[in-house]
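Dear colleague,

Please find below the structure that I am handing over to you. My notes on it follow directly after.

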Amino acid sequence: MTIILGLESSCDETAAALVSADGQILAHRLATQEEVHRPYGGVVPEIAARAHVEALSPLIEAALADAKMSLNDVDVIAATAGPGLIGGVMVGLVTGKALAHAAGKPLVAVNHLEGHALSPRLADRTLQFPYLLLLVSGGHCQLLKVKGPGDYARLATTIDDAAGEAFDKTAKLLGLGYPGGPLVEKAAAGGNPNAVPLPRPLVGTAEPHFSFAGLKSAVMRAVQSGHYATEDIAASFQQAVIDCLVDRTRRALGGSASVTALVVAGGVAANQPIRTALERLAADHDLPFVAPPLWLCTDNAAMIAWAGAERYAAGLVDDLSVPARPRWPL
Ligand code: KG4
Ligand code: ZN
């Protein structure tokens with residue numbers, strides 16, 4: 001059985017994981033830099049890169065120890081090669097290259113977005129291509145028809161902010177702290193989603209895309225007005241995001257996309273009310289709904305190892321000269 005070592009270091013999580021080609025997660029280790037960046041209210045790229053350097057090698061050793069393996073037992077090295085903060089991406093990719101070179105193993109350079117996009121097939125081995133994927137993370141908000149490894153049709157993207165970015169900015173405006181998504185979800189649970197009138201940008205329009213900048217500005221005005229409780233703003237904001245995501249996804253499902261399932265992935269997919277709303281939408285269309293477990297939605301190395309497994313099985317390996325790419329659309 002082919003064993004893949006995956007490395008992730010594109011943002012503020014350092015991670016190493018071992019996955020087998022039949023989808024068993026043999027080990028997964030992760031070190032989050034949340035505490036390091038919290039005083040700054042966001043990720044500081046230079047600090048992140050240094051923290052990845054310190055954390056990565058011990059995580060790889062720990063993952064190998066968890067699986068009772070040595071580097072000799074690994075068949076393929078998969079590392080995130082972008083998109084992301086370039087200093088961090090370089091740490092993981094160069095480490096992957098060095099291991100591949102030293103051990104004489106093939107290297108697979110993984111697009112971080114492809115890691116998210118294929119992670120639902122690691123969570124549910126029955127999920128078949130093509131599926132409709134709502135990819136919602138800190139940097140991206142896209143609808144993709146996933147046809148196979150390296151084979152994607154982008155049906156929609158955001159014309160301004162990503163959904164996770166909107167959560168993070170709202171958390172900042174509300175003084176909830178960092179990282180924002182889970183804190184807004186928690187605050188929203190105690191609030192009234194109809195308390196604050198907020199816009200639903202692009203909802204109901206014929207064009208396929210997302211937009212969240214207007215929503216963010218409206219949240220700012222609501223905060224500044226002093227009229228509303230934090231919980232009510234959080235709940236109303238979250239409901240507006242749900243309405244946008246559901247409307248745009250419904251539009252994509254109604255189009256030409258003949259798909260096996262509706263799938264959600266990326267950090268924002270960890271949000272329970274968002275999962276529930278999308279599950280209902282899938283049921284309306286008689287489609288299975290697949291969402292990876294929460295830990296597999298946010299950044300991790302198991303999804304990178306798995307994307308490496310899928311690409312390797314498809315004959316997609318990379319040369320050691322492959323570059324780190326800060327921008328890299330799927
Ligand atoms: O995929 P991810 O871990 O990193 C990127 O590739 O961007 O996504 C991180 C994003 C952040 O914006 C974070 O606030 C958001 O996902 N997020 C959430 C939740 N958990 C994480 N947003 C809403 N609700 C959550 N529970
Ligand atoms: Zn991510």
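Val 136 is part of strand S6 (residues 131-136); strands are DSSP runs of E with at least two residues, helices runs of H or I with at least four, both numbered from the N terminus. This is a predicted model, in which local features need pLDDT of at least 70 and side-chain atom pairs count only at pLDDT 80 or more, while totals for chains, interfaces and linings use all residues. Residues are numbered from 1 along each chain as its sequence is written, and chains are lettered from A and ligands numbered from 1 in the order in which they are written.

Val 136 has 30 other C-beta atoms within 10 Å and is therefore buried (20 or more such atoms; exposed means 12 or fewer, partly exposed in between, with C-beta atoms placed from the backbone). Beyond residues up to four places away in sequence, Val 136 touches Cys 141, Ala 163, Gly 164, Leu 245, Val 264, Gly 266, Val 268 and Ala 269 (contact means C-beta atoms, placed from the backbone, within 7 Å).

The unreviewed UniProt entry lists Val 136 and Glu 185 among the residues of a "binding site"; such annotations may be inferred rather than shown by experiment. Glu 185 belongs to helix H6 and is buried, with 20 other C-beta atoms within 10 Å. Leaving aside neighbours within four places in sequence, Glu 185 contacts Gln 238, Asn 271 and Gln 272. Asn 271 is also in the UniProt "binding site" list.

Yours sincerely

Note on methods
Two residues are in contact if their C-beta atoms, placed from the backbone, lie within 7 Å.
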